[in-house]
Amino acid sequence: MMHRKTLSAWPGVLEHYRAHMNWIPEGAKIVTLQEGNTPLIPAPRFAEQAGGGFDLFLKYEAVNPTASFKDRGMTAAMTQALARGAKLVICASTGNTSASAAAYAGRAGLRCAVLLPHGKIALGKLAQARMYGAEMIALRGNFDDALRVVRELGTRPGVEVVNSINPVRIEGQKTAAFEICDILGRAPDFHFLPVGNAGNITAYWRGFKEYHQQGMISALPHMCGFQAAGAAPIVEGHPIADPQTIATAIRIGNPASWEGATTAVSESHGLIESVTDTEILAAYSMIARLEGLFVEPACAAPLAGLLRKGRQGLIPKGSIVTVTLTGHGLKDPDTAMDQNKVEAQVVEPNVDAVLTALAD
Ligand SMILES: *Cc1c(COP(=O)(O)O)cnc(C)c1O
């Protein structure tokens, strides 16, 4: 085989940040799809809508191998499952965890079962789980019910849970904070992200703190988490029995990493608030139109939060603000089509017909 030096320059997040991964078993085979190394995209037009006067960068996690940030944690969870000789990997999922688990399990040669809330999974995510070959089980219940069942199954021998209750998921996900600091050469002043099961806000805070302790950055960001108003247990201070929101990825009533989220917010002097589905949908359309970034509705929760905070004048002039865009818009085509009912005009194939159509 011909050797090409340029091939696979980026090895995936575990190899790249191996020095920060002391949990990886000696000699373990790394299960990777070369996740991570995602772009940090400037978004000046959106920043202007949020009052302006600060620099906004979007961590576009949609370009991970299965189109969400979940791949960062899944490379870790699947590497560990393989090293432990797991017979079956399982997860509860609002969609993206199952897509990622299915892909990485296939690559590792492990049997994978995903437990999904019946009827509430975005179309693209279902298509992914099917294509990657996971065994899909739909529960008559919500995500929280699915996670409860998974926790119980996880005590059986040979069964490995790859939800973010698995601590190495958080280890993999903290690399997104490292990448942001590596690109900026410092930490942001504010970091915004959506909060569902709260694994990611826990992971980012761990990543920023580790870099700070190791002298890689000299200051820490304020962590700003956003839940959907119908699924805002942390904001309201109690579990929500029947969480509801169009942002299915954060439709969670009893977050597993609840304490991680509240710790991140209090230690960083940040905040956690809720935004309505109306605000989410407005930001969802705005980011596509102003910045060319098609994201899934959950990503629009922190964007809606930024619009609110910026307009309230709570972002000091000259700040650097980063927002995690957690998953791709193509995962949820139904919401996109519902948002925009404008159909293409059908005309004859000649210049005059097109010009007439454009004149309207
Ligand atoms: C999983 C997920 C979230 C929520 O992340 P948590 O770690 O559960 O808080 C947000 N957006 C997308 C697209 C997700 O897949």
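Helix α12 buries Ile280, Leu281, Ala283, Tyr284, Met286, Ile287, Leu290 and Glu291. The model described here is predicted.

**Helix α12**

- Helix α12 covers residues 277–291, which is 15 residues.
- From its first C-alpha to its last, α12 reaches 21 Å, close to the 21 Å expected at 1.5 Å a residue.

**Helices α3 and α4**

- Helix α3 spans residues 70–83 and helix α4 spans residues 96–108.
- The axes of α3 and α4 come within 9 Å and cross at roughly 40 degrees.
- On the α3 side, the contact involves Lys70, Asp71, Met74, Thr75, Met78 and Leu82. These meet Asn96, Thr97, Ser100, Ala101, Tyr104, Ala105 and Ala108 in α4.
- By type, the residues of the contact of α3 with α4 are 7 nonpolar, 4 polar and 2 charged.

**Alanine 357**

- Alanine 357 lies in helix α15, which runs over residues 351–359.
- With a relative accessible area of 15%, alanine 357 counts as buried, because buried means under 20%.
- Apart from neighbours within four places in sequence, alanine 357 is in contact with Gln345 and Val347.
- Between alanine 357 and tryptophan 205 there are 152 residues in sequence and 51 Å in space, C-alpha to C-alpha.

How values were computed:
Residues numbered from 1 in each chain as written. Predicted model: local features only at pLDDT ≥ 70, side-chain atom pairs only at ≥ 80, totals over all residues. Heavy atoms only, no water. Helix = DSSP H or I, 4+ residues; strand = E, 2+ residues; numbered from the N terminus. Buried < 20%, exposed > 50% of the residue type's maximum accessible area, 1.4 Å probe, protein only. Contact = heavy atoms within 4.5 Å. Expected span 1.5 Å × (residues − 1). Axes fitted to C-alpha atoms, helices over the stretch in contact; angles between N-to-C directions. Nonpolar A, V, L, I, M, F, W, Y, C, P; charged D, E, K, R; others polar.
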